[in-house]
Amino acid sequence: MAHSSKSMVLEETKKLAHRIIHVPKGGFLFREQEDASEFYIVKSGLIQISKLTENGKELTLRCLSAEACCGELTLFAIDPKYLFNAKALEDSEIYAVKIERIETMILSSNPEFVREFMIMINEHMRKQHTKFRDLVLNGKKGALYSTLIRMANSYGVEVEGGILIDLKLKNQELANYCGTSRERVNRMLNELAQEGILSLPSRQIIIHDLDRLKQLNHCEDCPISVCVID
């Protein structure tokens, strides 16, 4: 979706907001299986979207910064409940919009908003599909490689010799994106470092050979708009 079209949808949706929520670092915007009544757009901060597996492990699905949205899967649901957990990784402010207000907007005679809103939701679904594809088809290594590629696209900063992932992230948090243990992520990161694909200075990650990482992950050259972490 064109950036201007997405911006238009977000700005129109923000106008419907009935409150702005402050979520302190470590607090939850919502938890899975809670009754859903609001759709959210991040104003500032960082929100982690995750789900607990049957064995109690946390699987991180998204990391939302300013202008990203969540809660969209509850629209037009018969018994809307949040499917995931939304936790603040830093102090955050969130626009909250009543679900019925968006549903009314969609059902009203505003075809431009409806079209662009549905394109935005479709793009989100494509992001989720490709993440699950990488996790299921390519295993733990594929999940890690995919996560690193997405983080480089979302938070990458060009530095001498590579791309710095400008995101404060502990190895356990990185492991949660891959559905595996911190120890296994440490081993895989060290293997990539030994091959010269990345380096790990001062608990940071610098990717030196993004093309090789994509090759190892059998990337299908998805658009950048899809291959992101939000």
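Let's start in a loop: E67 lies between β4 and β5 (69-70). Helices and strands here are DSSP runs, numbered from the N terminus, with at least four residues (H or I) for a helix and at least two (E) for a strand. Before going on, note that this is a predicted model, where local features need pLDDT of at least 70, side-chain atom pairs count only at pLDDT 80 or more, and totals for chains, interfaces and linings use all residues. Residues are numbered from 1 along each chain as its sequence is written, and side-chain values use heavy atoms, with hydrogens and water left out.

Back to E67. Its phi is near 85°, a positive value in a residue other than glycine. Most residues other than glycine have a negative phi. E67 is partly exposed, at a relative accessible area of 30%. On that scale, buried means under 20%, exposed means over 50%, and partly exposed is in between, using a 1.4 Å probe and protein chains only.

Now a second residue with positive phi. R203 has phi near 60°, and R203 is not a glycine either. The loop between β9 (198-199) and β10 (206-207) holds R203. Buried or exposed: which is R203? R203 counts as exposed, because its relative accessibility is 85%.

Next, the domains. The chain is divided into domain 1 (4-108) and domain 2 (138-226). Those bounds come from an automatic or database domain assignment. Taken over C-alpha atoms, the two centres are 26 Å apart. How many residues of domain 1 are in contact with domain 2? The count is 9, and they meet 7 residues of domain 2. Contact means heavy atoms within 4.5 Å.

The area buried between the domains is about 710 Å², with carbon and sulfur atoms giving 52%. Buried area is the accessible area (1.4 Å probe) that two parts lose on being put together, summed over both. On the domain 1 side, E58, T60 and C63 lose the most area to domain 2, together 50% of what that side buries. Strand β4 (residues 58-64) gives the most to that side, with 7 residues.

What about polar links? The rule finds 3 residue pairs in polar contact across this interface, both residues at pLDDT 80 or more. A polar contact is a pair of N or O atoms within 3.5 Å; within protein, one must be able to donate a hydrogen and the other to accept it, and residues adjacent in sequence count only if both atoms are side-chain atoms.

On to helix α3 (residues 111-155), the place of K131. K131 is buried, because its relative accessible area is 13%. Leaving aside neighbours within four places in sequence, K131 is in contact with L61, R62, R150, V228, I229 and D230.

Now T180, in the loop between α4 (171-178) and α5 (182-194). T180 also counts as buried, at 10% relative accessibility. Not counting residues up to four places away in sequence, T180 touches K140, A175, V185 and M188. One of these, A175, is itself buried in α4. Just after α4, G179 takes a positive phi of about 65°.

Last stop: D91, in strand β6 (residues 85-98). D91 is partly exposed, at 48%. Among the residues D91 touches are H22, K25 and S44. D91 and S44 are 47 residues apart along the chain, yet their C-alpha atoms are separated by 8.2 Å. Where does the side chain of D91 reach? It reaches the backbone nitrogen of K25, at 2.8 Å.
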